[in-house]
Amino acid sequence: MVTARELNRAALSRQLLLKREQLTVPEAVRRVVALQAQHPASPYVALWNRVTGFAPAELDAAFVEGAVVKATLMRITLHAVHGEDYPVLRAAVQPTLYASRLGFRFAEAGLTPADAGELVPELLAFARRPRTSAEMKVWVGERLGAEKTDGAWWGLKAYAPLHHVPTGAPWSFGLRPSFVAAGTGPVPAGRAVDPQALQTLILRYLAGFGPASVADVAQFAMVQRAPVRAALRALDGAVEQVKGPDGGALFDLPAAPRPPAGTPAPPRLMAMWDSILLAYADRSRVIPPAYRPLVIRRNGDVLPTLLVDGYVAGVWRPVDGGIEATAFHSLSPATWDGLAAEALSLRALLGDREVEIYSRYHHWWAKLPATEVRTL
């Protein structure tokens, strides 16, 4: 049986959060599977937490060269992934993108999946070179008419295999996105599951986040549980079952690391929407249940958190003069010292780019309890 703390340490180990490692940016991104990228700064903060001597310019270059790409993928949200991983991850979540992006505002505009099937190849041909969102909307409008443009583009920009194009400082991507065709070959169609792609996603997920349940895999990718179960059965021999803390079945790669429960976990200042906070159906692996509604807001915002002994213990935000850390419970002097050292390093990272990241989310702090607040 794997205990709850052993699950926590396994997740931290595979997410490079027990110790920073000497890796290139593409290597690190591949190791952790995917970085949440709704906020342009978050992949940078995520890699700073995981890579020894992380140089933001290396991530800038990886985006420009396509070694790392930003696109709509798992959970229908923006992720940064290794460029070579994108096609198979995109194929694995195709049914979800199909259902979500062609079945709501796209359909309300009077359009059908068959219309998308005709539009997507032409759209990708138009996007062989980078196009702004405004240019893409004009293209859609010319084909469908003004009354259908907004709904059609809302669906197509996430459903079509498009990469976001780097637009410059401070974090490679700004608030006005540009797009380019992913160039991944034939365009997937329909809602059918690609069994091979889903199996590959599961193997990648277990390497980066395991051990995990069927529900955890389904949560990470936002795919149905039945195809996940079928894929795991097909992977018999490549994965093994272990018993979780509640006696339920967990799946893992046979040789994957599972550090002892007592392995030290250093403090970390996690990015908004960091993947480790969202990759499980049972988020108590990293977030104490009482703190989950505090850091994952009802509208989907996931605040930048303090990680103490491997678990969420509060939140942080940049303020004049430093990093403000709000603890939800009492922390030891040694822990505060560790957080202060992390804050000093983070301030150096932000000082070269944008000191007050996440400032638009400061309204959440008025709703948070605080045992202790310090500016580090």
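Modeller: Keeping in mind that this is a predicted model, I would start with Gly237, which lies in the loop between helix H13 (225–234) and strand S7 (240–243).

Biologist: Is Gly237 buried or exposed?
Modeller: Gly237 has a relative accessibility of 63%, and because the cut-off for exposed is over 50%, Gly237 counts as exposed.

Biologist: And how far apart are the C-alpha atoms of Gly237 and Asp252?
Modeller: Those two C-alpha atoms are separated by 11 Å, with Gly237 and Asp252 lying 15 residues apart along the chain.

Biologist: Switching to helices, at what angle do H11 and H12 pack?
Modeller: Helix H11 (residues 195–209) packs against helix H12 (residues 214–221) at about 105 degrees, and their axes are 11 Å apart. The angle makes H11 roughly perpendicular to H12, since that term covers 65 to 115 degrees.

Biologist: Which residues meet there?
Modeller: From H11 the contact takes in Leu201, Ile202, Tyr205 and Phe209, while H12 brings Asp216, Val217, Phe220 and Ala221. By class, the residues of this contact divide into 7 nonpolar, no polar and 1 charged.

Biologist: OK, what about H4, which residues are buried there?
Modeller: In helix H4 (residues 56–65) the buried residues are Pro56, Leu59, Asp60, Ala62 and Phe63. Looking down the axis of H4, these buried residues fall within an arc of 165 degrees, so they line one face of the helix. On the face turned away from that buried side, H4 carries the exposed residues Val64 and Glu65.

Biologist: What do the buried residues of H4 pack against?
Modeller: Their partners are helix H2 (25–32), helix H3 (42–48), strand S2 (68–72), strand S3 (78–82) and H15. Just after H4 comes Gly66, which takes a positive phi of about 85 degrees.

Biologist: You mentioned H15; where does Glu342 sit, and what is Glu342 in contact with?
Modeller: Glu342 is placed in helix H15, which spans residues 333–351. Setting aside neighbours within four places in sequence, Glu342 is in contact with Arg20, Trp48, Asn49, Pro267, Arg268 and Leu269.

Biologist: A glutamate, though, so buried or exposed?
Modeller: Glu342 is buried: its relative accessible area is 10%, and the cut-off for buried is under 20%.

Biologist: Back to S2 and S3, what is the strand order in their sheet?
Modeller: The order is S1-S3-S2, in an open sheet of 3 strands with antiparallel pairing. Strand S1 (35–36) and S2 are the edge strands, as each pairs on one side only.

Biologist: How many bridges hold S1 and S3?
Modeller: S1 and S3 pair over 2 bridges in the antiparallel sense, and His79 in S3 is the bridge partner of Gln36. Across S1, S2 and S3 lies H2, which runs at about 115 degrees to S3.

Biologist: Last topic: which strands pair with S6?
Modeller: One of them is strand S4 (residues 131–132), which pairs with S6 (residues 178–181) in the antiparallel sense over 2 bridges; there, Arg131 has Phe179 in S6 as its bridge partner. Strand S5 (residues 162–164) also pairs with S6 in the antiparallel sense, over 3 bridges, and His163 stands opposite Val180 in S6.

Technical notes:
Residues numbered from 1 in each chain as written. Predicted model: local features only at pLDDT ≥ 70, side-chain atom pairs only at ≥ 80, totals over all residues. Heavy atoms only, no water. Helix = DSSP H or I, 4+ residues; strand = E, 2+ residues; numbered from the N terminus. Buried < 20%, exposed > 50% of the residue type's maximum accessible area, 1.4 Å probe, protein only. Contact = heavy atoms within 4.5 Å. Axes fitted to C-alpha atoms, helices over the stretch in contact; angles between N-to-C directions. Parallel < 35°, antiparallel > 145°, perpendicular 65-115°, else oblique. Nonpolar A, V, L, I, M, F, W, Y, C, P; charged D, E, K, R; others polar. Arc of directions from axis to C-beta. Pairing = 2+ DSSP bridges.
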